[in-house]
Amino acid sequence: AGLAANRLLIVGLGKSAKLTADKVRNAAGTAVRFVKPRGIRELVFALPVSELLPAASCTRAAVEGAFVGDFDPDTYRSDRKDQSVESFTLAAPAGADRTALEAAFAEAIIIGESQNFTRSLVNEPGNKLTPTILGQRAAQMAEKVGLNWRNYSTDKLHDLKMGAFWSVSQGSAEPPALIVLRYEPEGVKDGPYTGPTLGLVGKGITFDSGGISIKPGENMEKMKYDMAGGAAMIGAMRAIALLKPRVRVIGIVCAAENMPDGKAQKPGDVQTAMSGKTIEIINTDAEGRLVLADGLTYARQLGATHLIDAATLTGACVVALGHVNAGAFSNDDEAWGKFDAALTISGEKFWRLPLGEEYAEMIKSEIGDIKNTGGRYGGAITAAEFLKVFVEETPWIHLDIAGLAWVEDSKPYIAKGPSGVAVRSILEWVRSYQLLATSF
Ligand code: BES
Ligand code: MN
Ligand code: ZN
């Protein structure tokens, strides 16, 4: 009675004693997804009041959730209604810190839009988003937000002796793309930059047929999303450019199409990676680690002091963790500690899996240094061990997002389709390396 609104939608958040940012995020998404098909374009979201959750975190989660819920993957439907919630307002209790909540709101817009940008890239089919076009989309974004960018192709791969990356692209009519995005923090005082340089490396396979070790036909269409790790890095770089953390960041996406062809690489071939290590190709479908090997080496050559990579790398990771947790690996407990802390802010689920000498043994080659598969068992781990060979001593985190990059069953708060997983966590990890204002 006496309600000023025409309609009231009540979304359950569960027990108040168990309120989390994640529940608020999903509630806002659920609200948006509920009103969207009903032609409602404006929504006011009443901020839940709780001692468990600071109002700023709550604001941020609500706005992020609204963006997540607003995304639909029906880009190419002729009857697409282009429905979107056009106005999302937060009603906070009287006495709330308006300035702080507005800052959280503004930040969440950037994060939500960046996650959705990633999702829009992941959603594109292989024919509409080739490696070259992915590079163009990254460049357009970079121009808009003021990032330095360069797109390279075959010649550069040859110049840099990226034999592992090139070997994946050689069987495709589409040239590869080496996408480089650079973010420089503003206002470095007292001389040259001496802080960390974070290298973000993404797998950008715009279509993975498996190559000569061809995949079965069933579900092969899904392999258009094999560039989700690369797209996550592009989305994270967008957010970084707009949120301006005081830390240097380089984003690298290794984009290629993995196809069978007369020119394609074959099982048994030996490739020489940029680092000089030789790789025996056992299975051409284990291509992600090949492009990442050279991407990681290149990031180090460009001065990365800390590395993070994201990739839809292995089916084995999906077998291990299902579609609930993504896999994570690290050679450095400090870097991992920062990532773990970032997860509490992002609300994303990653589960750390082990590395170890016994696993490294499984990818030793008779003819060369390493082979690109280590057999069926522990497949996510041997893939990580492969990458570890190329990061050497650099602190590094590897994210295997194969099971989470695509939402298989729609949920009330998110559409079936690309999830944009890892964007928010990578962003928070990057921000955790910010230099203190006093060191500038
Ligand atoms: N892109 C796939 C991994 C994948 C599987 C992503 C399912 C998303 C969903 C990757 O390139 C691949 O094919 N990996 C092989 C490796 C194997 C040959 C060692 C796999 O997981 O089967
Ligand atoms: Mn593959
Ligand atoms: Zn792949």
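What is the site of the zinc ion (ligand 3) with its 6 donor atoms, octahedral or irregular? The site is octahedral, with angles of 78 to 174° among those donor atoms. This is a predicted model, in which local features need pLDDT of at least 70, side-chain atom pairs count only at pLDDT 80 or more, and totals for chains, interfaces and linings use all residues. Residues are numbered from 1 along each chain as its sequence is written, chains are lettered from A and ligands numbered from 1 in the order in which they are written, and side-chain values use heavy atoms, with hydrogens and water left out.

**Zinc site**

- The zinc ion (ligand 3) is held by Lys203 (NZ), Asp208 (OD), Asp226 (OD) and Glu287 (OE), at 2.0 to 2.4 Å.
- Donors are N, O and S atoms within 2.8 Å of the metal (3.2 Å for Na, K and Ca); water is not among the atoms, so sites may look incomplete.
- Six donors count as octahedral if opposite donors are over 155 degrees apart and all others between 65 and 115. Four donors count as square planar by the same rule, and as tetrahedral if all angles lie between 85 and 135 degrees; anything else is irregular.
- Along the chain, the zinc donors follow the spacing K-x4-D-x17-D-x60-E.
- Aspartate 226 lies in the loop between β5 and α7 (228-243), and glutamate 287 in the loop between β8 and α8, so this pair ties together parts that are 61 residues apart in sequence.
- Helices (H or I, at least four residues) and strands (E, at least two) are DSSP runs, numbered from the N terminus.
- Aspartate 226 is buried, at 2% relative accessible area. Glutamate 287 is buried too, at 1%.
- Buried means under 20% relative accessible area, exposed over 50%, and partly exposed in between (1.4 Å probe, protein chains only).

**Manganese site**

- Aspartate 208 bridges the manganese ion and the zinc ion (ligand 3), and the two ions lie 3.1 Å apart.
- Aspartate 208 sits in strand β5 (residues 197-208), while aspartate 285 sits in the loop between β8 (278-280) and α8 (288-301), so the pair ties together parts that are 77 residues apart in sequence.
- Aspartate 208 is buried, with a relative accessible area of 2%. Aspartate 285 is partly exposed, at 22%.

**Largest pocket**

- The largest pocket has a volume of about 820 Å³.
- A pocket is an open set of points on a 1 Å grid over the protein atoms alone, with protein on both sides within 12 Å along at least five of seven lines. In a cavity, by contrast, a 1.4 Å probe fits but cannot get out; lining residues have an atom within 4 Å of a point.
- Grid points are joined across faces, edges and corners, and a volume is the space filled by probe spheres set on the points.
- The pocket is lined by 31 residues, and Lys215, Asp285, Thr314, Gly315 and Ala316 lie nearest its centre.
- Elements giving two or more residues to this lining are β5, α9 (315-321) and α12 (379-391). Helix α9 gives the most, with 3 residues.
- By class, the pocket lining has 9 nonpolar, 11 polar and 11 charged residues.
- Ala, Val, Leu, Ile, Met, Phe, Trp, Tyr, Cys and Pro count as nonpolar; Asp, Glu, Lys and Arg count as charged; the others, Gly among them, count as polar.

**Cavities**

- The structure holds 2 cavities of 30 Å³ or more.
- The largest cavity has a volume of about 40 Å³. Its lining includes Ser167, Gly211, Asn258 and Thr284.
- That lining has 4 nonpolar, 7 polar and no charged residues.
- The second largest cavity holds about 30 Å³ of space. Among its lining residues are Thr118, Ile401 and Val421.
- The lining of the second largest cavity has 5 nonpolar, 3 polar and no charged residues.

**Positive phi**

- Lysine 161 has a positive phi of about 60°, although it is not a glycine. Lysine 161 lies in the loop between α5 (154-159) and α6 (163-169), and is exposed at 61% relative accessibility.
- Alanine 422 also has a positive phi, near 90°. Alanine 422 is in the loop between β15 (417-418) and α13 (423-431), and is buried at 0% relative accessibility.
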